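Please keep the sequence and the coordinates in view while following them.

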Amino acid sequence: MLPGMSVLEKPVEYRKSRPPTAVYPDRHQMAQYREREFPPTATDWERVFCINLEGGFFSPGALMEMIVPIGQAIRGGVYGSAALVVVSSDDGTVAFLEALAQKHELPIFLSRSADSPLSDARPVGALTTAEMETYGLIRSAGGEVTSSGVADLAGIEVNAAVNRLSALARKGYVHRVARSRREGDAYVDLLSAAEQSVAASITDTQPVSTSTEEFTIPQDIREAIRTVATVQGSNPGEVLLRAWQEFLDRHRDVLDVDSKEVRRMLKENDQEGLAAYANRHNRERAKQAASRIKR
Amino acid sequence: MNSRLPHRCHRGSCICGKYDLRITRRCLVSDLGFEASAPFDQCRSHPIVRAFENQRADEPIGTRTVGPAAGELTAYRLGHGHDHRGATWHDQTERVVWLCAYELHRSGEDDDAFPYFHELIGTGSLLPTEDDYTALFDDRGRRFTETLYEDAQQLLARARATPGVEQSGLLGGEETAAIVVEVVDTLQETYVAFSVLGMNATRVVMILGAFDVEAAFSHWELVTTLPTRPLRVDRGEICYRILRG
């Protein structure tokens, strides 16, 4: 860490998001989520976006639709200075994200657990070994360095350190803060900065609008389940069962309460109550259906 | 003369084999002059609605388009005699054929229906709205709840009468379920399998409740197979089991 206060003028904004627990075979659905949660607007302060994939089952197409445009926008500066952390404990998903990051040169960070500190997230993408090493040095130095500091830490020439840091900044992994020639430019790992400025950790990420109703498997699940299963190296039945079981585990208490009320209504032939229960999320479904056909 | 029996209607839907026929609210009120809450069978008094049922009940699309082909959003021409024209759209995702527009027709004259349809396409008001879908889902929810319990109990009675033999049937008019009852000494194992394609959790809670109104949801165990066959996972089929003394 550089001596004194952080070189950043404002605290880093930490934005967490998690798609509702569901199976996502639909790219369009993911595009809507991305546009809603991460509109392409730049700010004059630094930001860290975190997408927690836990609880969701994403087709490769849906994952691409969510992650690639955000990664490209971050690299292109569309969000101003920002970093993207993706949380997934699933080996297949992690491998797919690594491949995506490599192919599309996306500056993203992967975290295995929603409970891990931000600074434990691992950078993936088109990083050379030297750049990866340099990034590790920035982390170990507290998240903020200068080129001369890295040169000292790595035992390399200052020019070489400048080249490595510039490459990391150009690729979107670190934020460069221009300073006077005497002070030298500072290079900031936004994840470390976010952790320090807002004591952030990837915890308590709540779904955007989760409810027991949202585990809806659309009609084209067959293809999606196959695709997800292929990526994860498991069979489609296991994927479906796992998705369903995970949903049940998360919502067991709520489902038991619902079940009690439904059974009471069935016993009493309470048609109005049953219809209200069956239809209670129709407005949301209708909104989705209508948005699907907007030209 | 068409001697075919009319299809069953329920609220705003005419129920065909694989989909419903419905009329968008805009068309119902503005083009046909009915109240927004008019049930489908009442609308049969209109010639284009009768044509809609006759021509679309078995074949969800026509042969001529209204406006340019637009993939899944292509609207099709519906005609009745010389004077009546409509535009329909097959919503495959929600399994509905919508009557989206109607106009009296004189080809090439001021009251040519097609410029009107094209105007609706141009202003984005031809296809169903969020309100139309809400009404669709509400009607289907009511249809489901009206017969669910009776359907489930009848299916269960059949399965109990033939232990070890798979019985299948329709629940609430929309969900097909397979059920097997196995008897071991004084215990009875009931397996219920159904597809979760397009289904949300409320439906699952209701289906299991309808089979056993005394059993809490957590008493049902999610299992990987029916005793009679593997699950059809490619169809999104899951299976629950419950053991009763």
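In this predicted model, strand 5 (residues 75–80) of chain B pairs with strand 6 of chain B in the antiparallel sense, and the two are joined over 6 bridges. Within this pairing, Tyr76(B) has Thr88(B) of strand 6 opposite to it. The two strands form a hairpin with 3 residues between them, and in its turn Gly81(B) has a positive phi of about 60 degrees.

Strand 6 of chain B also pairs with strand 7 (residues 96–104) of chain B, again in the antiparallel sense, over 8 bridges. Here Ala87(B) has Ala101(B) in strand 7 as its bridge partner. Strand 6 and strand 7 of chain B likewise belong to a hairpin, with 4 residues between the strands, in which Arg95(B) takes a positive phi near 60 degrees. How many of the residues of strand 6 of chain B are buried? The count is 7 of the 8 residues in the stretch 84–91, so strand 6 is largely enclosed by the rest of the structure.

These strands belong to a chain with 6 helices and 12 strands. Of the 245 residues in chain B, 42% are buried. Among contacts in chain B between residues at least 6 apart in sequence, 51% join residues at least 24 apart.

Chain A contains an open sheet of 5 strands in the order 1-3-5-6-7, with mixed pairing. Its edges are strand 1 (13–17) and strand 7 (122–124) of chain A; each has a single partner strand, so one side of each is left without a neighbour in the sheet. On average, neighbouring strands of this sheet are turned by 25 degrees against each other, direction ignored. Strand 3 (residues 47–52) and strand 5 (residues 82–87) of chain A run parallel and are joined by 6 bridges. Asn52(A) stands opposite Val87(A) in strand 5 of chain A. Helix 2 (residues 60–76) of chain A lies across strand 3, strand 5 and strand 6 (108–111) of that chain, and runs at about 155 degrees to strand 5 of chain A.

Another open sheet in chain A has 3 strands in the order 8-10-9, with antiparallel pairing. Strand 8 (144–146) and strand 9 (175–177) of chain A stand at its edges with a single partner strand each, so one side of each is left without a neighbour in the sheet. The twist from one strand to the next averages 30 degrees. Strand 8 of chain A is joined to strand 10 (residues 186–188) of chain A over 3 bridges in the antiparallel sense, and Glu144(A) stands opposite Val188(A) of strand 10.

The largest nonpolar core has 95 residues, of which Val48(A), Val85(A), Ile179(B), Val192(B) and Ile207(B) touch the most other members. Helix 6 (residues 201–211) of chain B gives the most to this core, with 8 residues. Apart from it lies another core, of 36 residues, including Leu21(B), Trp98(B), Ala101(B) and Ala113(B).

The contact between the chains takes 42 residues from chain A and 39 residues from chain B. On the side of chain A that touches chain B, the elements giving two or more residues are helix 8 (221–232), helix 9 (236–267), helix 10 (271–278) and helix 11 (282–293) of chain A. Helix 9 of chain A gives the most, with 17 residues. By class, this side of chain A has 20 nonpolar, 9 polar and 13 charged residues.

Key: Residues are numbered from 1 along each chain as its sequence is written. Chains are lettered from A and ligands numbered from 1 in the order in which they are written. This is a predicted model: local features need pLDDT of at least 70, side-chain atom pairs count only at pLDDT 80 or more; totals for chains, interfaces and linings use all residues. Two residues are in contact if their C-beta atoms, placed from the backbone, lie within 7 Å. Ala, Val, Leu, Ile, Met, Phe, Trp, Tyr, Cys and Pro count as nonpolar, Asp, Glu, Lys and Arg as charged, and the others, Gly among them, as polar. A nonpolar core is a set of buried Ala, Val, Leu, Ile, Met, Phe, Trp, Tyr and Cys residues joined through C-beta atoms within 7 Å. A residue is buried if 20 or more other C-beta atoms lie within 10 Å of its own, exposed if 12 or fewer, and partly exposed in between; C-beta atoms are placed from the backbone. Two strands pair if DSSP finds at least two bridges between them. Axes are lines fitted to C-alpha atoms, for helices over the stretch in contact, and angles run from 0 to 180 degrees between N-to-C directions.
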